[in-house]
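User: Please examine the structure below and answer a series of questions about its ligand site, its cores and several individual residues.

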Amino acid sequence: MRRMKKRYISATAVSVLFLFLLGGCGKQFVVDEGDGGSTEDEQLIVVGVSQLGSESVWRTANTASIQETFTRENGYLLIFDNARQKQENQIKAIRSFISQQVDYIVFSPIAESGWDVVLEEAKEAGIPVILMDREAEIADESLYVTRVGSDFRAEGENAGLWLAEHLEQQGRADEEINIVVLTGTEGATSTIGRTEGFEEIARQHSNWNILEQTGADYTTSKAKEEMRSILEEHDDIDVLVSQNDDMTFGALDVFKEAGITTGVDGDVTVISFDAVRTALELVRSGEINVDIECNPEQGPYIENVIRMLENGENIDKNYYVPEKIFTQENVGMYINDRSY
Ligand code: GYE
């Protein structure tokens with residue numbers, strides 16, 4: 001049952017908004033309350049989504065999941081904003097959602113800190129806030145209703161556990177193992193969780209040396225730059241842990257340039273995260289040893305939470321999306337279903 005909405009956004013407003021989004025400016029949203037609106041629009045649940053950017057294939061898939069879920073046919077009016085990697089843009093978008101009196105605010109916090117003030121404003125306006133993908137470190141937990149995303153710590157631990165088993169199988173469990181870690185965006189939950197999870201397992205192996213742990217912002221270009229300077233310093237890398245596939249693509253290019261082979265039959269063992277299709281192909285061909293999945297298809301889970309809230313049901317403070325681990329042995333079973 002759709003509930004009647006107290007507020008309305010008129011048909012004109014919707015088209016103005018649409019044109020605005022098509023125009024790609026996305027800074028401010030125009031709501032014209034002039035002509036009363038159609039009954040159909042009155043029933044739509046208005047969801048403002050602030051996406052942090054479009055730095056990776058994962059992020060694009062995450063955006064697509066939101067856009068495919070919050071459609072008119074499903075009963076929603078989606079107001080989407082891409083913050084292009086800037087926290088200040090996210091804060092602006094959230095303020096704009098508040099002034100438009102949306103029914104729900106969904107956002108993916110670029111970094112964990114710095115949200116208290118704007119979320120206080122959302123609370124005062126009575127708008128429930130749902131965190132998507134990453135977490136926000138907020139003193140007052142009542143400022144958001146729930147978070148839907150990955151268990152990043154478990155992802156990092158799984159990377160470490162896989163490596164331990166792999167070295168064991170190769171009879172290298174007691175060898176000195178030199179590791180380079182490319183980390184993602186600073187202060188982001190995914191970076192923090194994957195780093196801490198992997199470090200925890202690394203601490204249990206005194207023969208694992210983390211040679212470098214370098215930030216590359218989840219992008220291919222930054223990863224190339226960083227990997228080139230790492231290779232100037234080190235010619236003895238055994239393992240690369242790269243916290244997303246986009247950075248892995250950059251790193252693999254640099255290894256190739258340097259004549260270093262990677263993966264199942266190569267010099268450097270490669271552990272990646274996200275498991276987008278292009279990376280899964282490299283798992284299949286053996287250039288990447290393992291890809292720890294991070295599931296971007298969060299739209300349906302977020303919608304489920306909204307449905308529960310609409311029905312007055314109790315919801316948890318955190319929902320983890322399901323995720324797998326891909327190696328050459330199992331990747332063939334999944335690759336054809338990968339849409340992103
Ligand atoms: O792994 C990376 C993206 O926070 C899970 O952000 C997300 C990460 C993802 O840009 O590719």
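**Ligand shell, cores and selected residues**

Analyst: Helix H3 (57-69) and helix H7 (189-203) each contribute at least two residues to the shell around the ligand; helices (H or I, at least four residues) and strands (E, at least two) are DSSP runs, numbered from the N terminus. This is a predicted model, in which local features need pLDDT of at least 70 and side-chain atom pairs count only at pLDDT 80 or more, while totals for chains, interfaces and linings use all residues. Residues are numbered from 1 along each chain as its sequence is written, and side-chain values use heavy atoms, with hydrogens and water left out.

User: How many residues surround the ligand, and which are the closest?

Analyst: A residue is near a molecule or strand if one of its heavy atoms lies within 4 Å of it. The shell around the ligand holds 13 residues. The closest are Glu55, Ser56, Arg134, Asn244 and Asp274.

User: How many residues of each class does the shell around the ligand have?

Analyst: Ala, Val, Leu, Ile, Met, Phe, Trp, Tyr, Cys and Pro count as nonpolar, Asp, Glu, Lys and Arg as charged, and the others, Gly among them, as polar. By this division the shell has four nonpolar, three polar and six charged residues.

User: What distance separates a polar side-chain atom of Ser190 from an oxygen atom of the ligand, and what percentage of the ligand does the protein bury?

Analyst: A polar contact is a pair of N or O atoms within 3.5 Å; within protein, one must be able to donate a hydrogen and the other to accept it, and residues adjacent in sequence count only if both atoms are side-chain atoms. For Glu55, a polar side-chain atom lies 2.3 Å from a ligand oxygen atom, and for Arg59 an N or O atom of the side chain is 2.9 Å from an oxygen atom of the ligand. For Ser190, the distance from a polar side-chain atom to an oxygen atom of the ligand is 2.9 Å. Taken alone the ligand exposes 300 Å² (Shrake-Rupley method, 1.4 Å probe; for residues, only the protein chains shown count as cover), and the part of this area that the protein buries is 100%.

User: Which residues does Phe255 touch beyond four places in sequence?

Analyst: Contact means heavy atoms within 4.5 Å. Phe255 is among the residues with the most contacts inside the largest nonpolar core. Leaving out residues up to four places away in sequence, Phe255 touches Met227, Leu231, Leu240, Ile260, Thr262 and Val268.

User: Is Ser242 buried or exposed?

Analyst: Ser242 belongs to strand E8 (residues 239-242). Not counting residues up to four places away in sequence, Ser242 touches Leu182, Met247, Thr248, Ile271, Ser272 and Phe273. Because its relative accessible area is 0%, Ser242 is buried.

User: How far apart are the C-alpha atoms of Val118 and Leu143?

Analyst: Val118 lies in helix H5 (residues 116-124) and counts as buried, at 2% relative accessibility. Beyond four places in sequence, Val118 touches Ile91, Ile94, Arg95 and Ile98. Leu143 is 25 residues from Val118 along the chain, and their C-alpha atoms are separated by 9.5 Å.

User: What is the relative accessibility of Gln85?

Analyst: Gln85 sits in the loop between strand E2 (76-82) and helix H4 (87-99). Phi of Gln85 is positive, near 70°, in a residue other than glycine. Gln85 counts as partly exposed because its relative accessibility is 31%.

User: Where is Ala275, and what is its relative accessible area?

Analyst: Ala275 is in the loop between strand E9 (269-274) and H10. Although not a glycine, Ala275 has a positive phi of about 70°. Ala275 is buried, and its relative accessible area is 0%.

Terms used
A nonpolar core is a set of buried Ala, Val, Leu, Ile, Met, Phe, Trp, Tyr and Cys residues joined through side-chain atoms within 4.5 Å. Buried means under 20% relative accessible area, exposed over 50%, partly exposed in between (1.4 Å probe, protein chains only).
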